[in-house]
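Please look through the sequence and the model shown here, and keep both in view while reading the report that follows.

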Amino acid sequence: MMLSAEQQVIVEMPTNFGIQVLASAGSGKTRVLTERIGFILSTVKKEGIIALTFTNKAAEEMADRLARNEHLDDRVWIGTIHSVAQRVLEQYGHSIGLPSNFQIYERDKDRMEVFLQSLREDGVDIDEYLNVEDQKQLRGREKVLQNYMNGFSVIKRELMDEEQALAHFPDTPNVWKIYQDYQEALLASGGIDYDDILVFAHKLLLRQEWIADIYRAKYKHLCVDEAQDLNRIQYEFIKALCGSKIQSVLMVGDPHQMIYGFNGSSSEYLCERFVVDFNVKTFHLKENYRSTRAVIRAANKLKHNSSKEHEFAVEGSLRIESFETETDEANWITSTINCILELHSHEEIEGELSLDNIVVIARNRFVFSKLEEALSAANIAYSLRKSERGEEPSSLFGKVLDYGIRVKLNPKDWVDGKKLCSLLSISPPLDWTDSDILSNWSRQVLDKPVHFPEIQSKLLQAIHDIDSEAPNIRKLVKSFDAALSSLSEQISDENQKLELERSIEELRYFMSLWTRFKSKGIGSTLGAFRNANALGQLAIDTSNSGLTLSTVHTMKGLEKDIVFLIGMCEGVFPDYRASQKKQIEEERNAAFVAVTRARRWLYITYPKQRMMPWGSTKFQVKSRFVEEIES
Ligand SMILES: Nc1ncnc2c1ncn2[C@@H]1O[C@H](COP(=O)(O)OP(=O)(O)OP(=O)(O)O)[C@@H](O)[C@H]1O
């Protein structure tokens with residue numbers, strides 16, 4: 001596949017300044033970025049490149065696209081912005097006072113637990129505040145606390161100081177003090193939260209110039225995909241990584257596809273700040289290489305003249321259908337998918353037609369419920385693309401393994417320590433710094449009324465004994481796999497058997513994560529493994545084959561031959577919470593992203609009524625975006 005003349009020019013630009021590529025959907029931005037990396041690898045000796053993406057999935061796709069290049073592993077560092085920042089902290093976090101095995105609290109409820117504890121320590125009787133019978137009142141109070149947590153995220157990602165925070169949250173009393181206390185509580189438990197990863201890494205690069213120089217000496221080029229979605233802290237982190245020494249920065253993006261406004265994203269960083277802060281040459285690409293004429297016409301109705309059809313583009317098709325109910329909509333999609341499969345092949349689509357060619361996209365995952373029922377009834381295998389953060393284990397054994405490792409790495413982690421104590425019916429200790437804590441629990445659990453106390457006891461001791469710097473996970477897994485399997489043969493109680501079955505599954509899943517961690521070459525210690533898992537770098541994506549159901553946000557940057565865009569009603573898409581002009585524009589961006597994922601055929605559907613969660617039905621109005629596409 002040849003690059004176009006315009007693409008080729010960008011790929012082969014000299015490396016002594018920045019390159020900004022502002023281009024529409026399907027115009028080959030990611031392609032240009034990966035070709036540029038290949039070009040640098042083959043023309044400039046030794047110098048390394050950092051390639052930044054927004055999702056682990058996108059990082060993997062980029063690695064796949066680059067796989068044919070020599071020296072990929074030693075010269076190119078492909079990762080999400082968070083994962084790059086996390087590795088900077090893992091290696092040098094101690095230089096700004098972070099504990100060597102710092103914990104990432106990636107789960108919202110763990111962060112909330114730390115927050116509640118910080119309030120208790122401040123003398124606030126938060127347990128009394130939350131001790132209300134009335135559910136509505138309780139939800140209201142929980143929301144107040146959640147608003148504080150959201151506020152902390154804003155403070156971090158906008159890099160606010162006290163004055164700015166007080167001005168930004170005029171109606172939130174004591175916000176700065178409460179925020180400081182939360183930060184102290186996090187650090188006292190040896191942890192940081194997800195937002196902190198970038199904040200601390202940014203601080204580190206600014207304060208310890210010598211560390212930043214180590215990276216700059218090795219990596220002299222930086223490439224950022226989907227740069228329209230950068231937010232302030234992400235942009236500032238990139239800037240700090242470059243300092244004044246790195247000028248070879250390529251940012252590609254499409255302002256029409258900015259869909260993370262709720263996370264502080266703004267295309268201003270790509271379009272304006274980048275130009276001010278770097279010596280930048282700008283390029284535009286308009287030709288769409290992905291989609292058929294029918295799809296491009298629909299996209300251009302949402303964003304006027306955003307894409308230009310490629311001269312060899314085929315016609316493709318667009319079909320818009322309405323249904324009485326969501327069930328009718330789901331049944332129609334299911335039968336249409338079956339009809340497509342029966343075709344086996346079509347001149348507009350390369351290769352055999354299969355479920356792999358199809359994705360169903362919706363604004364949010366709740367829209368899929370009726371479709372999931374219909375697909376199951378019709379025996380059509382599908383997978384729902386999930387967010388990348390891992391799921392928590394459900395068996396007691398799986399939980400002991402997960403929380404135990406967290407406590408092993410950081411005995412100050414009372415959040416996971418307390419959860420473990422409660423699961424094992426052990427009283428929590430007063431001292432959270434004891435490095436023999438797991439060994440003590442291993443003895444105490446033996447006479448507790450829990451599932452298989454001896455196995456849990458052995459597991460706790462085994463975790464205690466692991467060498468964190470060079471853990472032999474394979475050996476640990478092998479011995480427990482054998483022990484659990486032999487126990488299941490001796491037991492007749494059905495529930496206990498199920499618990500054992502789940503324990504073995506979760507142990508094997510843990511092993512597959514470890515294997516994946518090792519094969520990715522992103523570290524070898526237990527701490528690096530735990531953090532990579534926390535950031536979703538080890539998530540195993542099952543949605544590569546079969547029919548994919550995906551929200552718009554998780555489909556970003558990807559493409560399929562056939563797209564069904566479903567549930568297109570006002571209130572769903574655009575989302576009912578979008579009321580201001582700016583929010584509606586972002587919804588339009590999301591609709592544009594959804595439509596432009598289609599390479600060949602696009603189906604858009606909506607029901608005329610929907611079932612509400614409380615059981616009654618509600619009449620629906622066709623989405624304004626469908627009206628526009630039809631106009
Ligand atoms: N010069 C080219 N000739 C043929 N196909 C191309 C060319 N450039 C890109 N493509 C193909 O067009 C499709 C879109 O490319 P790519 O994913 O790089 O676009 P993009 O601009 O990053 O899209 P988006 O912003 O919508 O995610 C891909 O299938 C890619 O292989």
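Glycine 536, which follows helix α24, has a positive phi, near 75°. Helices (H or I, at least four residues) and strands (E, at least two) are DSSP runs, numbered from the N terminus. The model is a predicted one, in which local features need pLDDT of at least 70 and side-chain atom pairs count only at pLDDT 80 or more, while totals for chains, interfaces and linings use all residues. Residues are numbered from 1 along each chain as its sequence is written, and side-chain values use heavy atoms, with hydrogens and water left out.

Helix α24 (residues 526-534) is largely enclosed by the rest of the structure, because 8 of its 9 residues are buried. Here, buried means under 20% relative accessible area, exposed over 50%, and partly exposed in between (1.4 Å probe, protein chains only). Among the buried residues of α24 are Leu526, Phe529 and Arg530, and the buried residues of this helix pack against α5 (81-92), β4 (103-105), α18 (396-409), α22 (473-490) and α23 (494-520). Contact means heavy atoms within 4.5 Å.

A UniProt record, an unreviewed entry, places the feature "domain: UvrD-like helicase ATP-binding" at residues 2-292; such positions are given in the numbering used here, feature names are shortened, and annotations may be inferred rather than shown by experiment. The span of residues 2-292 is 54% helix and 15% strand, and its end C-alpha atoms lie 19 Å apart.

Turning to the sheet, 6 strands form an open sheet with parallel pairing, in the order β3-β2-β6-β7-β1-β8, where two strands pair if DSSP finds at least two bridges between them. The edge strands, β3 (76-80) and β8 (280-285), each pair on one side only. Strands β1 (residues 18-23) and β7 (residues 248-253) pair in the parallel sense over 4 bridges, and glutamine 20 stands opposite methionine 251 in β7.

| Helix | Strands touched | Angle between directions |
|---|---|---|
| α13 (residues 232-242) | β2 (48-53), β6 (219-224) and β7 | about 160° with β6 |
| α14 (residues 268-277) | β1, β7 and β8 | about 160° with β1 |

Isoleucine 10 lies in helix α1 (residues 5-11) and is buried, with a relative accessible area of 1%. Not counting residues up to four places away in sequence, isoleucine 10 touches Ile19, Val21, Val32, Arg36, Phe283 and Leu285.

Key. Axes fitted to C-alpha atoms, helices over the stretch in contact; angles between N-to-C directions.
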